[in-house]
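I am opening my notebook to record what I look up about the strands and helices here. I will go through one group of elements at a time.

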Amino acid sequence: MAQAQLSSSLPVLPAPEIDWRRVVYLLHLSRTLDSLEETQLVPSKEVLYQFSARGHDMAQILLGLQLSDRHDAACGYYRSRPLLLTLGVDPADALGSAMGRSGGYSDGRDIGVVFNYPNPTGASALPMCGGVGTQYTPTAGWAQAIRYYSETLHRPEYERSIAVVLGGDGSVASNGFWAALTIATTEGLPMLFYVEDNGYGISVPSTFQTPGGDIAANLSSWQGLAIFSGDGTDPAEAARLSHQAIAHVRETRTPAMLHLTVPRLQGHSFQDTQTYKSEEIVAAEWRRDPLPRLKEYLVPAIMSEEEWKTVSADAENAVEAALEVAEARPSTKPETVMRNVFYEGEMQAMGGQHRAGYRVPPSTDRPANKGQRINMVTAIRRTLEHELTINERVVLFGEDIGTKGGVHAATLGLQEKFGTGRVFDTSLSEEGIIGRAVGMALAGLLPVPEIQFRKYAEPATEQINDCGTIRWRTNNRFAAPMVVRMPGGFFKCGDPWHSQTNEVAFVHQPGWKVAVPSNARDAVGLLRAALRGNDPVIFFEHREMLDHSWARRPYPGDDFVLPFGKADFVRSGKDITIVTWGAMVNRCQEATEGISADVIDLRTLMPWDCQSVLDSVRRTGRCLIVHEDLSTGGFGAEIAAVVADETFMDLDAPVSRLTMPDIPSPHNLELLEWAVPSVARIRERITELLEF
């Protein structure tokens with residue numbers, strides 16, 4: 001374990017490998033931007049969110065100057081602008097983004113302190129999020145992608161690349177921090193955790209985040225983690241520790257933590273007056289300001305007073321020029337805000353296998369329909385196996401998917417065939433599973449994470465939300481396409497933990513496509529479309545249908561692909577339209593025996609085939625929506641609202657829904673059968689509507 005000690009008080013000459021003039025310039029650039037915002041742009045309401053980096057800035061710059069590898073990546077947080085400037089972000093972009101103008105990080109869609117920087121020629125800044133701690137697991141995913149490229153795909157250009165994550169001392173209490181720490185150390189990944197310890201999470205002291213307030217001391221016995229800890233305001237020490245920490249990760253290909261204490265010289269944000277700090281604490285923090293300490297360290301040892309002033313003036317002039325450019329940028333046209341929720345044909349600047357050179361193989365929507373009927377789980381496994389065979393970027397992971405082959409056997413035998421580099425088990429952390437998938441997708445892989453049961457996705461909700469919005473909030477600069485396989489629904493019995501469906505929650509997450517196949521053929525076509533697509537997809541596998549005899553179909557072929565948003569008419573008729581999906585499709589088909597009905601299997605809920613439903617209802621004059629999810633707020637409510645709005649004058653009966661009541665899935669079989677729409681209840685409701 002490498003626990004660095006505080007440097008002595010003896011003078012240490014500047015390290016020759018550091019471009020100290022560059023450090024001085026960037027530090028003044030960052031300070032001038034902060035000052036401009038605080039004294040001019042925030043009071044005039046041209047900037048609405050402002051987070052000063054004063055005190056954090058020098059150490060970030062010293063770190064950023066060492067991220068020189070083309071495949072290095074860093075993911076920061078709202079106080080990370082000095083790092084971004086060091087990586088090469090244009091100050092005009094930084095200011096323009098803070099002002100919400102067009103261009104910049106997001107075209108005015110996101111707050112200006114949430115950065116991203118796709119850099120094809122050097123280290124990139126992964127798209128940050130507004131949530132504390134959300135940066136950790138995606139960075140672990142990038143680190144794992146580095147190892148995958150280097151060791152599995154034997155790409156030598158990744159052999160010294162690293163991933164760096166920045167966070168404050170408050171973030172070490174978050175789920176993301178501990179999930180990423182577990183991933184990085186158990187996997188042995190080339191990842192650096194940089195904790196900027198200013199002693200406060202807004203008003204809460206760091207002793208509330210970790211016992212004793214020193215995360216480095218508390219992790220001193222954490223296996224597989226080298227720790228470098230010291231003073232981030234001492235130029236020599238900060239430079240030395242940053243260099244040692246990065247060198248350790250580059251050389252050993254294992255994780256390290258760089259823990260530097262820094263003062264937060266302004267409030268948490270501009271509005272924070274820091275009344276929770278005593279005058280003595282504030283004065284002590286200002287005595288640790290790294291700017292005068294840097295000057296004392298460099299002048300006259302490496303540069304003259306005149307040189308210092310010249311560099312400072314150059315930075316101030318650069319900010320003045322940047323402000324002129326930023327103010328000249330117009331606001332984004334409101335009508336463009338609907339663009340880039342999903343892939344629209346214009347390739348994102350970074351992220352996803354398509355950006356990395358993947359070419360979609362030939363496909364057909366005509367099923368081969370040869371061979372014996374197979375169940376859905378076999379169809380899913382066969383599709384995954386084929387895509388793993390033809391696409392080296394596909395990577396499968398989750399809890400128990402390796403040797404065991406998944407709790408539902410969908411990955412049985414795949415690890416044995418493709419190896420632990422491509423099919424592997426993870427720690428028990430859904431935040432870690434989805435977060436790492438985000439980082440791997442940003443690095444150009446196609447991650448296929450499995451969430452064992454729908455209910456278990458709840459700890460990953462933040463990462464799921466953030467992933468879906470990446471393309472939109474970066475205005476197509478980044479995207480993180482992945483396929484999240486997620487079994488759910490009842491199977492023989494129910495219970496509140498393994499039988500939840502709640503697909504509507506994902507429909508309500510912008511940027512996610514959602515597939516809910518009812519049979520083996522559709523599972524193949526939709527899964528393959530997802531695996532070859534360029535958007536994140538929730539692939540919902542209903543547990544009851546995985547081995548249901550009705551859901552069995554002949555394997556439709558290795559080129560079979562179904563488009564999203566195209567429903568299937570399981571039955572055609574003229575008297576009523578039944579709209580359904582998942583496990584309710586076969587029940588609706590059985591319930592309409594002898595009845596002239598359109599039975600529509602939506603197959604995908606985002607997008608959903610609105611036009612086919614409306615056309616059918618206009619013909620039949622009646623509509624019944626059947627689904628397993630709860631009634632209140634279920635996706636059937638959306639369908640009912642659209643049908644009522646668009647076909648009101650064509651209706652001969654009220655639009656009706658038949659769903660689970662607003663209760664969790666019961667475990668007792670008799671209770672379950674009462675709660676889930678049955679064939680008899682579906683037929684009864686159809687009869688009521690036909691007789692209306």
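In what order do the six strands of the open sheet stand, and is the pairing parallel or antiparallel? I note at the start that the model I am reading is a predicted one. I looked up the sheet and found the order β2-β1-β3-β4-β8-β7, with parallel pairing. The edge strands are β2, residues 124–125, and β7, residues 226–231, and each of them pairs on one side only. I reminded myself that strands of a sheet pair through backbone hydrogen bonds.

Next I followed β7 to its partner β8, residues 256–261, and found that the two pair in the parallel sense over six bridges. On this pair I noted that Ser-229 stands opposite His-259 in β8.

Then I asked which helices lie on this sheet. Helix α6, residues 175–187, packs on the sheet and touches β4 and β8, and its direction makes about 145° with that of β4. Helix α2, residues 57–64, lies across β3 (163–168), β4 (191–197) and β8, and runs at about 165° to β4.

My last entry concerns β12, residues 446–450, which pairs with β10, residues 394–398, in the parallel sense over five bridges. Here Gly-398 stands opposite Glu-450 in β12. Is β12 enclosed or open to the outside? Five of its five residues are buried, so β12 is largely enclosed by the rest of the structure. In a regular strand the side chains alternate between the two faces of the sheet. For β12 I listed Leu-446, Val-448 and Glu-450 on one side and Pro-447 and Pro-449 on the other, all of them buried, so that both faces are covered.

How values were computed. Residues are numbered from 1 along each chain as its sequence is written. This is a predicted model: local features need pLDDT of at least 70, side-chain atom pairs count only at pLDDT 80 or more; totals for chains, interfaces and linings use all residues. Side-chain values use heavy atoms; hydrogens and water are left out. Two strands pair if DSSP finds at least two bridges between them. Helices (H or I, at least four residues) and strands (E, at least two) are DSSP runs, numbered from the N terminus. Contact means heavy atoms within 4.5 Å. Axes are lines fitted to C-alpha atoms, for helices over the stretch in contact, and angles run from 0 to 180 degrees between N-to-C directions. Buried means under 20% relative accessible area, exposed over 50%, partly exposed in between (1.4 Å probe, protein chains only).
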